[in-house]
Amino acid sequence: MIEMPDAPNLTEELRALEAELHHPGVDCPRERLEQLLHPGFHEIGRSGQRYSRDTVINYLSTLPGPTALEAADYAAHWLAENCALLTYRSVHQSADGTSTQAALRSSIWLKTGSQWQLFFHQGTPAAA
């Protein structure tokens with residue numbers, strides 16, 4: 001990992017972009033998902049299943065509202081110029097308020113032109 005002069009701002013910038021993906025349907029329409037996800041995007045979900053860009057866009061764009069996801073402990077690190085790793089922890093909140101599906105999450109973001117795009121995402125099951 002390399003240090004870049006604006007590293008303190010990097011975490012907040014990527015956290016805000018990642019949060020847009022946590023609120024599909026209402027706050028993140030299909031057009032925005034297409035902007036956020038790099039053409040080469042792919043994901044390995046918490047389940048171990050692989051997902052393509054099209055699969056993720058189709059799924060997120062059809063959800064009726066924001067997801068019940070709580071995320072914390074964000075940290076961003078430069079991997080190279082125009083490439084950064086964002087890590088964080090997430091849990092889903094069930095209808096009765098209990099936390100389920102805890103995961104450690106990693107995202108690789110690429111800066112293409114003036115905008116960041118998500119290139120890769122992985123969720124790993126974690127202890128609650």
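Predicted model: local features only at pLDDT ≥ 70, side-chain atom pairs only at ≥ 80, totals over all residues.

Biologist: Which side chain does R30 meet in a salt bridge?

Modeller: The side chain of R30 meets that of E34, at 3.4 Å from N to O. Both residues lie in helix α2, four residues apart, which is about one turn of the helix. E34 is also at 34% relative accessibility, so E34 counts as partly exposed.

Biologist: How many salt bridges does a search of the whole structure find?

Modeller: The search finds three. Another of them joins the side chains of R15 and E12, with 2.8 Å from N to O. This pair sits within helix α1, its residues three apart, again about one turn of the helix. R15 is partly exposed because its relative accessibility is 28%. E12 is partly exposed too, with a relative accessible area of 43%.

Biologist: What about R32 and E20, and which parts does that pair tie together?

Modeller: The side chains of R32 and E20 meet in a salt bridge at 2.8 Å, N to O. R32 lies in helix α2 and E20 in helix α1, so this pair ties together parts that are 12 residues apart in sequence. R32 is partly exposed, with a relative accessible area of 22%. E20 also counts as partly exposed, at 22% relative accessibility.

Biologist: Now the sheet. In what order do the strands stand?

Modeller: Strands of a sheet pair through backbone hydrogen bonds, either parallel or antiparallel. Here six strands form an open sheet in the order β2-β1-β6-β5-β4-β3, and the pairing is mixed. β2 (50–52) and β3 stand at the edges with a single partner strand each, so one side of each has no neighbour in the sheet. Neighbouring strands are turned by 15° against each other on average, direction ignored.

Biologist: Which strands show the parallel case, and which the antiparallel?

Modeller: β1 and β6 run parallel and are joined by four bridges. Strand β3 (residues 69–80) and strand β4 (residues 83–93) pair in the antiparallel sense, over nine bridges. There, E70 has V91 of β4 as its bridge partner.

Biologist: How many residues lie between β3 and β4 in their hairpin?

Modeller: There are two residues between them. In that turn, N82 has a positive phi of about 70°.

Biologist: At what angle does α3 run to β1?

Modeller: The angle is about 85°, with α3 lying across β1 and β2.

Biologist: How should I read the nonpolar core, and which residues have the most contacts inside it?

Modeller: In soluble globular proteins, nonpolar side chains tend to be buried together. The largest nonpolar core of this model has 22 residues, and those with the most contacts inside it are L10, L14, L21, L37, L86, W109 and W116. Two or more residues each come from α1 (7–22), α2 (30–36), β1 (37–44), α3 (53–62), β3, β4 and β6 (115–125). α1 gives the largest share, four residues.

Biologist: Leaving aside its neighbours within four places in sequence, what is L14 in contact with?

Modeller: L14 is in contact with A76, A84, L86, W109 and W116.

Biologist: Last, the aromatic pairs. How many does a search of the whole structure find?

Modeller: A pair of aromatic rings is described by the distance of the centres and the angle of the planes. The search finds two pairs. The rings of Y74 and Y88 have centres 4.7 Å apart and planes at 25°, so this pair is stacked. Y74 is in strand β3 and Y88 in strand β4, 14 residues apart. Both Y74 and Y88 are buried.

Biologist: How are W78 and W116 arranged?

Modeller: The pair of W78 and W116 is tilted, with 5.7 Å centre to centre and 45° between the planes. W78 lies in strand β3 and W116 in strand β6, so the pair ties together parts that are 38 residues apart in sequence. W78 and W116 are both buried.

Note on methods
Residues numbered from 1 in each chain as written. Heavy atoms only, no water. Pairing = 2+ DSSP bridges. Core = buried A, V, L, I, M, F, W, Y, C linked by side-chain atoms within 4.5 Å. Buried < 20%, exposed > 50% of the residue type's maximum accessible area, 1.4 Å probe, protein only. Contact = heavy atoms within 4.5 Å. Axes fitted to C-alpha atoms, helices over the stretch in contact; angles between N-to-C directions. Salt bridge = Lys/Arg side-chain N within 4 Å of Asp/Glu carboxyl O. Phe/Tyr/Trp six-rings, centres within 6.5 Å; stacked < 30°, edge-to-face > 60°.
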